[in-house]
Amino acid sequence: MSFEVFRDVAKPILTGFGITAKRIFQMREKSATIQYPEERREQFTRTRWRHVLTRYDSGLERCIGCSLCAGACPARCIFVEAAENTDEDRRSPGERYAARYEINMLRCIFCGYCQEACPTGAIVLRKDFELSNYEREDFIYTKEMLLEPIRD
Amino acid sequence: MPKRIETVVFHDSSTPVIGGIEKAGVVVVAPLESILNQARANALWPLTFGLACCAIEMMSTVAARFDLARFGSEAFRATPRQADVMIIAGRLSKKMAPVLRQIYDQMPEPKWVISMGACASSGGVYNNYAIVQGADQVVPVDVYVPGCPPSPDALIYAVMKLQQKIKHRKFGKLIELKPRSLDEESA
């Protein structure tokens, strides 16, 4: 075997396999695979997944039913129907609240424009990504499903 | 890989219970239905049907970081004759719809369909003349995955949901029962 053959063929191959062998011993300590259902990867800080309608600390809803989120939505997947607040039945601090708030999760592209458009910070996109389901009807998320429970 | 095998029915009350599973010598008794369902659910070979950007996430699901092979689905087949589940990844144009239907018809029974992403499931932002508004207008869809695109873990969750559906499949029934959710299963 001449020197040229060693330099041009054998040496690069050996170098390449050397890197492979090194990685094998490194991966024994820390596998690259995330064992998903058992362990979860840390989501990025700005990950946008499932929507949540938040509340104030007093328990009142933040949403005032202004439909700006529906206007900003590029997929037209949000439907808002507003109703007037009365002194007896007060849901939000403003004049109106959302009587119906529905999101079609199949249409939604999780762009976060609704979150940007919201003047009161009512709708936020959290990190729950497990949204798959069997039936098409299950993807119309109603206000009851989206609204945050009252914290004690 | 830690315990991904579900309990098969074992028959012997006198034998000791090891890890929740009763060992009954060498004889294992289980309904044929259950064995077939286990086999089908744990070796789902997907058909590559990447139509758009969702396909990138689908490829990422098979790669080392998420590793769909842990669920027996690593063998992506380019021919419908060898595939069990079709993952429609991306927007389905009206021109592509007959092709999709033909490839679905070429798959052998039993077959399943995962509709991946907003565009395949409902049309997403493309509410126009060129895009089919939901792949279920062309083929029956078993599991829908929202997201634009769904992350690899979201797709793995959908595969787990599909496995759950297959495991609860009853033979000889025309109407399939709605499977229990994964949360109830683990509880």
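Me: What makes two residues count as in contact here?
Reply: Their C-beta atoms, placed from the backbone, lie within 7 Å. This is a predicted model, where local features need pLDDT of at least 70 and side-chain atom pairs count only at pLDDT 80 or more, while totals for chains, interfaces and linings use all residues. Residues are numbered from 1 along each chain as its sequence is written, with chains lettered from A and ligands numbered from 1 in the order in which they are written.

Me: Switching to strands. What does β3(A) pair with?
Reply: β2(A) (residues 78-84) pairs with β3(A) (residues 96-104), antiparallel, over seven bridges. β3(A) also pairs antiparallel with β5(A) (residues 140-141), over two bridges. Pairing needs at least two DSSP bridges. Strands (E, at least two residues) and helices (H or I, at least four) are DSSP runs, numbered from the N terminus.

Me: Which residue is the bridge partner of Phe79(A)?
Reply: Glu102(A), in β3(A). Ile103(A) stands opposite Tyr141(A) in β5(A).

Me: Now helices. At what angle do α2(B) and α5(B) pack?
Reply: About 75 degrees, with axes 9 Å apart. Axes are lines fitted to C-alpha atoms over the stretch in contact, and angles run from 0 to 180 degrees between N-to-C directions. So α2(B) is roughly perpendicular to α5(B) (65 to 115 degrees).

Me: Which residues make that contact?
Reply: Glu57(B), Met58(B), Ser60(B) and Thr61(B) from α2(B), and Pro152(B), Leu155(B) and Ile156(B) from α5(B). They divide into four nonpolar, two polar and one charged.

Conventions:
Parallel < 35°, antiparallel > 145°, perpendicular 65-115°, else oblique. Nonpolar A, V, L, I, M, F, W, Y, C, P; charged D, E, K, R; others polar.
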